[in-house]
Every structure is written in structure tokens, then in C-alpha cells.
Amino acid sequence: MMRGSARFVSALLFLCLGVNATLPPLPEWNEEDQVRLKKGELIVGRALLTLEGDPKPKVNPEDPIAEPEEPRAVEVPEPIVPVPARPELDPIPVSSDRTEIHQKLLERYFNSRPEPGLIDPQHLLSMQESEDTRYAFREHSAESSLPIYFFLFDAHQKVPEACSPQFVYDRLFAADGQPVVIIYYFMGEPSRTQFFLGGAVGDDVPEWQLRELLVNASHTAAEKTDIFDQLDDFVGQLSMRLFWVEKMLEELVNKALPQEVKQENQKKDQVDYGKWFGALSSLGVNVAPYILVLVSGVVGIISCAALGFFWMRNRRYIFPVSDGGKGRLGAPRGVSSGGVLSFRNMDQPPSEQTAQFEQDLL
Amino acid sequence: MRCPRCTLTIHSTAEECPHCGLTLDSLDELYEGFERNVGRLYDGAGVLRVFERRKVEMTLAKLERSFPQLTIAVSTVPLKDEQDVRSYGVWLMNRGNFWGVADEERLESGVVLLVLDAEHKQVCLHFGYLLENGVEEKEAFEALVSSHPYLLESNFSTAIELMLRGTKKLLKRAYGKLKRSERRAAR
């Protein structure tokens with residue numbers, strides 16, 4: 001076994017040496033090439049990477065079909081023209097003490113009626129923080145009929161008098177008269193928060209309740225040091241407090257809601273309570289008559305069964321009277337009897353006692 | 001029909017059994033001294049307790065409400081060797097004074113009597129002329145069969161309840177049969 005392996009290895013070595021012996025010698029660098037290489041005129045392996053090094057195909061003069069190839073057109077890239085540096089958006093100048101809000105920003109805040117939830121045109125929150133806050137407002141709107149318009153400002157910014165929540169409500173929200181909550185929240189300064197409950201209910205809700213709501217939310221937020229945590233806690237507490245206030249003042253809110261909104265809410269409730277009916281209705285099936293027929297049928301069957309049971313229970317069986325056959329064996333009332341059932345012997349079941357009914361042959 | 005004593009077939013108009021000479025008068029001699037004044041439930045063998053008797057009496061009252069022409073009675077007795085449950089039932093049905101039955105017509109032909117012989121351990125159902133054409137001997141036997149296990153255990157109260165339930169079904173069937181016969185005869 002060992003001998004066989006040694007023979008195989010030695011044969012492999014001889015084969016390799018034989019192959020090496022047949023290869024051409026490698027080229028050698030001369031000085032001229034080294035100078036060109038240093039200047040960058042010579043690129044190593046260029047012949048392999050470009051067509052320049054590709055040897056031209058040998059043309060057979062005797063072959064009439066073969067024609068020389070036309071030289072290829074080399075595409076020259078257009079020169080890149082430098083563009084002068086210019087910012088994409090016009091920067092909004094910021095005051096040195098960062099208290100004033102620029103007119104352009106005010107327009108973005110209050111120019112038109114925004115969507116309920118977070119309004120942050122200054123992008124004071126990061127994308128993730130903004131998404132988290134919007135999610136919290138979406139959760140609130142799913143459970144509450146009071147939309148919250150949450151305007152976010154920087155810590156020391158001052159909102160002009162002309163843009164106070166009352167004015168904003170009058171300008172943007174008062175037209176439809178629906179109750180809304182407008183909040184101006186200042187990042188890192190929850191105590192500066194401005195709260196306004198608009199709509200007809202706003203006048204009916206006691207002032208102390210709104211103040212308590214605001215103070216509680218602000219205090220909860222102030223317990224945190226991180227400004228986003230403050231905002232998060234403020235929104236959570238606000239939503240919770242608003243929910244209870246809304247519960248307490250549900251009648252007032254419902255009174256203030258327009259008739260269309262009430263009907264819409266009622267429809268929503270109906271769909272929630274009868275998902276199956278809603279699904280059937282969506283298929284175009286009006287289930288009300290079928291349910292009526294079904295209920296009527298069930299009640300009818302139960303009534304019939306009850307009547308039948310009552311009738312059977314109280315039924316009187318009156319036998320037809322016949323005068324014939326009386327007086328047998330001198331008996332005035334009767335002499336008929338059924339078969340005798342014996343229970344003396346446990347091993348003699350009733351099925352074995354039927355021999356008594358066989359007719360005698362007398 | 002069969003003779004209640006020798007159980008041989010006799011003619012339906014026979015005034016005495018051609019085989020054994022049985023008449024009702026001969027039965028009077030056989031059962032002389034037996035109680036004649038009985039209620040719907042007569043526990044001569046003393047196999048039922050008080051509350052069991054009440055329960056059976058209630059069942060009998062319900063049955064009689066459904067069959068107002070009938071007097072339905074239950075009797076338990078200890079019979080001697082020369083006596084038997086068939087002949088005793090015929091004798092009691094014809095000679096018994098079932099107190100509490102105001103309507104004489106009900107006694108006249110509408111008696112249904114269940115007799116249980118606690119000595120010979122036998123039970124038999126008797127019925128008057130009113131039901132004679134509606135009930136067959138074997139049907140009356142089958143009405144009692146379901147009580148057999150309870151009779152073996154000497155649970156007489158449950159056994160009697162079951163026998164009365166079977167009797168009710170039997171009477172309903174007899175009612176249908178007699179009604180059909182009546183309609184057929186009317187045609």
C-alpha cells in the first residue's frame with residue numbers, strides 16, 4: 001500500500017517537471033519600459049483589458065467572403081460643465097434669540113386648515129419621533145370624536161397675538177361649528193402650553209375642568225427630562241384626560257355635533273354591532289325579512305309543539321260503547337285478562353313466557 | 001277467550017267453563033274471606049310504603065282523567081297455592097266494591113285491574129267488557145314486560161309505575177282500534 005502511494009507521487013512530480021520544461025521563457029523588463037511605466041504611458045495588462053492588444057484576425061487572401069472590418073467609432077464623453085453652488089430651498093432666517101417665528105413659518109402653520117393631529121412645519125421632531133407622535137394621535141382619533149390639532153413650536157418661540165388659538169379657531173374652524181381641541185405645545189416647555197376647546201361645547205365646559213386637564217398633562221410631562229419624552233407623556237395624558245372629560249360631557253358634545261355627524265356615528269355603531277348583517281348587506285342581501293320569517297317560524301313551531309303537548313296531555317279518550325258480549329260466566333263487569341307475567345325465576349325472562357299464548361287444540 | 005282458571009279457550013257466550021266448570025259463584029267460594037271493599041289501590045300484600053302508595057294513587061288519578069269511562073285499580077295480594085292471579089283478578093273485578101267511584105257505569109264495564117300476587121310472584125292485567133274487543137291477551141302481557149327487572153328486585157313501586165305507563169299506551173292503542181272498528185261498522 002505504502003509502495004503504491006510513493007510510486008504515484010513520484011510519477012506526478014515527473015509529469016509536472018516535463019510540462020514546465022515545454023513552456024516558453026517569461027519576458028524581461030528593459031529600462032525603456034520601466035521609464036514608460038513610471039510616466040504612465042505603459043499600462044500593465046492593457047492588452048488583456050482593451051481591444052488594442054487584441055491581435056488582428058488573419059485574413060486569408062484566397063477567401064473571397066472575408067472582408068476587413070471597419071474601424072469602430074470611439075464615443076467621446078461630453079465635458080461636464082460646473083454648476084454654481086446654490087441651496088435647494090430658500091433658508092428661513094432665524095432671529096438671534098430664536099423667539100420670533102418667521103412669517104413664512106406662520107403661513108405654513110396657519111395659512112389653511114390642517115389635518116387633525118401633529119402640525120410641525122419646522123420639523124422640530126425627527127422622523128421617528130414624528131411618526132410616534134402621529135401614531136398616538138391616530139389612536140386617539142379612533143376612540144374619540146374630538147379632533148386634536150397639535151401645533152408644535154420651539155421652546156422659546158412666541159406666537160403672535162394674531163395667531164392665538166382663539167383667532168385660529170375663528171378663522172379656520174368656526175365655519176362648520178364642530179368641536180375641536182387646539183393646542184400650542186412648546187418643545188421642552190410644557191408649562192407654556194396653550195389649550196383651547198372650540199365649538200359650541202367650549203362655552204359649556206367649565207373653565208376649571210379645562211385648566212385641570214392642562215395642568216395635569218403639563219405636570220406629567222414635566223416629570224421627564226428628555227424633551228421628546230415630555231411631549232410623549234403630554235400627548236398620552238392629554239388624550240386620557242380628554243377622554244374622561246369627553247365622557248363626562250358626552251351629552252354636551254353630542255348636542256353640539258351636527259345632525260349628519262350623529263347619523264354617521266349611529267351608522268358606525270350599527271355596523272359594529274351587526275358585523276354579520278353588515279357583511280350580508282354588502283352582498284346585496286336584505287336580511288331583515290328573512291330574520292322576521294325565521295323568528296316567526298321558530299315561534300310558530302314552538303307554539304304548535306306547546307299546543308300539541310297540552311292537547312295530548314289533556315286529551316280525553318272516550319271509548320265507543322257496545323252492549324254485546326256481557327254476562328260471560330255470569331260475570332257482570334268482565335272476564336278478560338292478559339297474559340300472566342311471572343317473576344319468580346330470574347332465569348326465565350318474559351320472552352320465554354310467551355308459550356302461554358299458544359292456542360290449545362281442544 | 002280463555003277460562004281464568006284452566007286457561008283453556010272457551011266460547012265467548014259460555015255461562016260456565018266447559019273444561020273446568022268455572023262460574024263466578026265458584027270463585028266466590030274460592031276467595032271467600034278476601035277483602036271486597038277496596039280502593040283504586042289495594043295493597044293487600046303490604047309491599048308498598050305510604051309515600052309509594054300516594055305516588056301510585058296520583059298516577060291512577062291522572063290515568064282516569066285521560067280515560068273518563070274507566071275505573072283503573074291496582075291490587076297486591078298474597079294468594080294461596082290453589083288460588084291464582086287470573087281467577088282472583090276476575091273475581092275482584094266483578095265482586096269488588098271500588099269505593100270512591102261515583103259513576104256506576106264506570107264500574108259496570110270499564111274496569112281495568114292490575115293484580116300482583118306477591119306470594120306466587122305473578123302479575124296480570126284484567127279489563128272489563130268495554131275494552132274486550134280492543135285489547136288482546138298478548139298485548140296486555142307486553143304492557144307489563146318492561147317492569148320485569150324491577151319485579152325481580154322487589155322494587156314494586158317502580159314496577160307498578162312502569163306497568164301503568166304501559167297500560168296507558170295499551171289503552172290508547174285500544175282506543176284507536178275500537179274507533180276504527182266503530183267507523184267500519186257504521187259504514
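**Cores and backbone angles**

Guide: Within the largest nonpolar core, which has 38 residues, those touching the most other members are Phe319(A), Leu70(B), Leu131(B), Leu151(B) and Met163(B). A nonpolar core is a set of buried Ala, Val, Leu, Ile, Met, Phe, Trp, Tyr and Cys residues joined through side-chain atoms within 4.5 Å, where buried means under 20% relative accessible area, exposed over 50% and partly exposed in between (1.4 Å probe, protein chains only). The model is predicted: local features need pLDDT of at least 70 and side-chain atom pairs count only at pLDDT 80 or more, while totals for chains, interfaces and linings use all residues. Side-chain values use heavy atoms, with hydrogens and water left out.

Visitor: Which residues is Met163(B) in contact with, leaving aside its neighbours within four places in sequence?

Guide: Contact means heavy atoms within 4.5 Å. On that reading, Met163(B) is in contact with Leu114(B), Leu116(B), Val123(B), Ala143(B), Leu144(B), Ser147(B) and Leu151(B). A second, separate core of 30 residues includes Val340(A), Leu92(B), Met93(B) and Val111(B).

Visitor: Where is Lys121(B) placed, and what is its phi near?

Guide: Helices (H or I, at least four residues) and strands (E, at least two) are DSSP runs, numbered from the N terminus. Lys121(B) sits in the loop between strand S5 (111–117) and strand S6 (122–127) of chain B, and its phi is near 55°, a positive value in a residue other than glycine. Lys121(B) is partly exposed, with a relative accessible area of 26%.

Notes: Residues are numbered from 1 along each chain as its sequence is written. Chains are lettered from A and ligands numbered from 1 in the order in which they are written.
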